[in-house]
Amino acid sequence: MKYCRKCLMPSTRPEQVFDAEGICDACHSVEKKKSIDWSQREIEFQELLNKYRSDGSKYDCIIPVSGGKDSVHQALMMRDQYKMNPLCVNHVPCEITEVGAQNLTFLRELGFDLIQVGANRKAYREMVRIGFFKLGDCCWPEHIGIFTAPIRVAVQYKIPLVIWGENSQFEYGGPATKKENHFLDRNWLEQFQMLGHRIEDVVHDGIKLNDIKTFHYPTDEEIRSVGVTGLFLGYFTKWDTNANIQNALKLGWHQNPEGPVENAWNAYENLDCKWIGGLHDYMKFIKYGYSRATDQLCIEVRHGRLSRNEAIDELAKSSEGKVPWRYAPDFMKYLGITEKEFLDNLDRFTNKRIFEVDEKNKLKKDKDGNLIRKFFPQKN
Amino acid sequence: MLRTRVIPVVLIDGYSVVKTIQFGVRRNQGNPITVARIYNTRNVDELILLDIDASEQGRSIDLFTIEDIASECFMPLTIGGGLRSVEDIRAVLEKGADKVVLNTAALENPELVRESSHYFGAQCIVGSVDIKKENDRYYVFSKGQVIDRDPFEWIRKLQDLGAGEIFVNSVDLDGTMTHCDLELISKAVEVSRVPVIYAGGVASPSDFVAPIQKGVSAVAAASIFHFTRWTPDFCKQELQKAGIPVRL
Amino acid sequence: MITVVNLGISNIGSVCKALSFLNIDYHVTDQASEILSAQKIFLPGVGGFTAGVDTMKAKKIFDPLREMALIKKVPFFGICLGMQLMFESGDEGGAREGLGLIKGRVVPLQVDRSRYPVPHMGWNDVQFSEMKMFEGLKPDSCFYFVHSFEADCQDPEARVATTSYGDHAICAAVEKGSIWCAQFHSERSQSVGLQVLKNFAGVPC
């Protein structure tokens, strides 16, 4: 396991690419962004939007929202800066947190209409079960739903334009063919969000495709008839996460009152669902040996707000790598499983090459039941 | 009736699943255990797991990884990567492999094929050949370059030595998701009396049909399952439409 | 408790993993004394008939296995090579006498080799009679096969399942009282194969 020489990103991250000097793609993206002619992109964006903008009597674009800091930014930008008439669409998470619900209300207080797509809890729970037990990611259905729900609403309401936030493949690094794109389509979703599983695969687990309609991407024909186009706002305008956070907070948006969610470093991300902050991030840790705190600290390093060495100290102090007990009992209850089943499954997904094991290939744990890392970024 | 197999290939670099393009550029696809488990869930016909760095790094594929995968995957598991001796092969079979792939080691020590086939049976030994076309001729490709060996003579020889199955990889089409090399397939099938698996270049479910019609017993693929909407089920449905028996 | 016989040339790993997954108690041995006290015997195997017989003899478990199957009549299940070893004779790699639990000999696959590659490798549907072994399975379920030799079973009543390769019918399974065997790899045949293992585990000792 290697780490980027500029930030803390390890080589185990899916789609990770290092150059010959050992610098990761995301660090290069930040550099590349400095040379982007934003005014040119701005013109390009305006021209595109002119084709879609309505006189105000109808919605002319959809903004997928979680209620997070980025959705606030997207909604405000589109309405106030680009004079569009957005409809916000939220895919209801498995178990919404209090702060998550508050932030959706806050969006409406800011003057945005909101449609919530709530998948039936029976099938949703079974998909979470597949995610947790078969794919090693309890939030698998959520990763799909946040992309399919807005597109389905776009088709139903005949609103052709969907404005996504950043292209994570550019921001965090990804394959060359996909990172320069400014649009999101079905293949993007399948390559990066679905962990190699496809929606049709659920039939092998006894789920009927008809019971999970909100998770189906519309057919090519439906997409064509409405002309649905998904654009990454982050491609056209400079994306400054920190500024977005400060602006949202000033307006009354809520950060997590409990501080960073488990496995994270800051209190601004993954706040809406009880499983996504915490368990989802922890499952990422056991598979790849890094988690949300690393992601967040890498962004701090890339933007020069922390040095690499400072970030390493911060990482050591963070809760990354600790079993997320805050909502674990709720999760076990939600799936109707025992603590042993819960913990055994986590062990099954742990990559034993990157954690300490005994001579029988059994994972070693510390006195609190946490794994012991074999690798940790070293200071330069 | 014997069903035609669609076989996902999972390449690992020791820690992570990777997908190569023309045996070069790589994309990291995550945790091998997760990927293998997904294919088990998908009820696939067989899984080929290869550690593509093992030979060059002078180690052999990690036994614990095989054990972890075999603990939950109840389809045939074919394993390769840095296996150099009968003892290496015995170790992976004990951890849960059903068949082993010999490629580099067979080139360097053909007797290993004979010895292991005698010991574990021909059905256990898959002779793998990476093939690259240069100036209209096919060559065996090994450790990043073509070598002076006729691939079809080598396929014949592998069978004589005791390989029970031949795994043909097109280096030129690997990861390109464009089309299959039907000329290569015909030539490989012509010199084979054991089942042949072809890999390299499938772009869509319909691409599985022609190689089978040319006589291979199975088509293996990776990119199409990592990067597109198509699942192994879709591919088998397409074969079925073409009148080829599959297991659905 | 199932006693899994380790011939040392088998894919013993995949068999054990399947039993563990099903929460079936088992232990692995190649010792005569442990075989002689077994309640249920499982004989997996891949490889050649001759090597299999020679290994059983070298490990001094040939006669104990016969005794357990024929005299003590403990439930006894052989898979692939394990099945073939239960017949009277075979000559893969030199002529040898087998355990002789079932009438018949092991011969090279009787298919037209110019048209059908050997080994017979892959998934094939199995036509079976209603026996304990196949309880809970749909007719014509597919199992995974990989073999170059086949058992020519001379006990028509024992032959409870067949599969066809080309136009040739292969004996796919035998069930005769407490003696079971299967040419297919039950441990590698996904849920249908696991069901067969469960059925064997469910046979009263």
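In helix 1 of chain B, P32(B), I33(B) and A36(B) meet T65(B), D68(B) and I69(B) of helix 2 of chain B. Contact here requires C-beta atoms, placed from the backbone, to lie within 7 Å. Helices (H or I, at least four residues) and strands (E, at least two) are DSSP runs numbered from the N terminus. The model is predicted: local features need pLDDT of at least 70, side-chain atom pairs count only at pLDDT 80 or more, and totals for chains, interfaces and linings use all residues. Residues are numbered from 1 along each chain as its sequence is written, with chains lettered from A and ligands numbered from 1 in the order in which they are written.

Ala, Val, Leu, Ile, Met, Phe, Trp, Tyr, Cys and Pro count as nonpolar, Asp, Glu, Lys and Arg as charged, and the others, Gly among them, as polar. The axes of helix 1 (residues 32-41) and helix 2 (residues 63-70) of chain B come within 9 Å and cross at roughly 30 degrees. Axes are lines fitted to C-alpha atoms, for helices over the stretch in contact, and angles run from 0 to 180 degrees between N-to-C directions. The two helices of chain B are therefore roughly parallel (angles under 35 degrees).

In chain A, 5 strands form an open, parallel sheet in the order 3-2-1-4-5. Strands pair if DSSP finds at least two bridges between them. Strand 3 (113-117) and strand 5 (229-232) of chain A are the edges, each pairing on one side only. Neighbouring strands of this sheet are turned by 30 degrees on average, direction ignored. Helix 6 (residues 140-156) of chain A packs on the sheet and touches strand 1, strand 2, strand 3 and strand 4 (161-164). The direction of helix 6 makes about 140 degrees with that of strand 2 of chain A. Strand 1 (residues 61-64) and strand 2 (residues 86-91) of chain A run parallel, joined by 4 bridges. I62(A) has L87(A) as its bridge partner.

Chain C shows both pairing senses. Strand 5 (residues 87-90) runs parallel to strand 7 (residues 102-108) of chain C, with 3 bridges. F87(C) is partnered by I102(C). Strand 7 of chain C also pairs with strand 11 (residues 149-153), antiparallel, over 5 bridges. There V106(C) stands opposite A151(C).

Chain C also meets chain B, through 35 residues from chain C and 32 residues from chain B. Helix 1 of chain C gives the largest share of the chain C side, 7 residues. That side divides into 16 nonpolar, 14 polar and 5 charged residues.

Definitions and conventions: Two residues are in contact if their C-beta atoms, placed from the backbone, lie within 7 Å. Angles under 35 degrees count as roughly parallel, over 145 as roughly antiparallel, 65 to 115 as roughly perpendicular and the rest as oblique.
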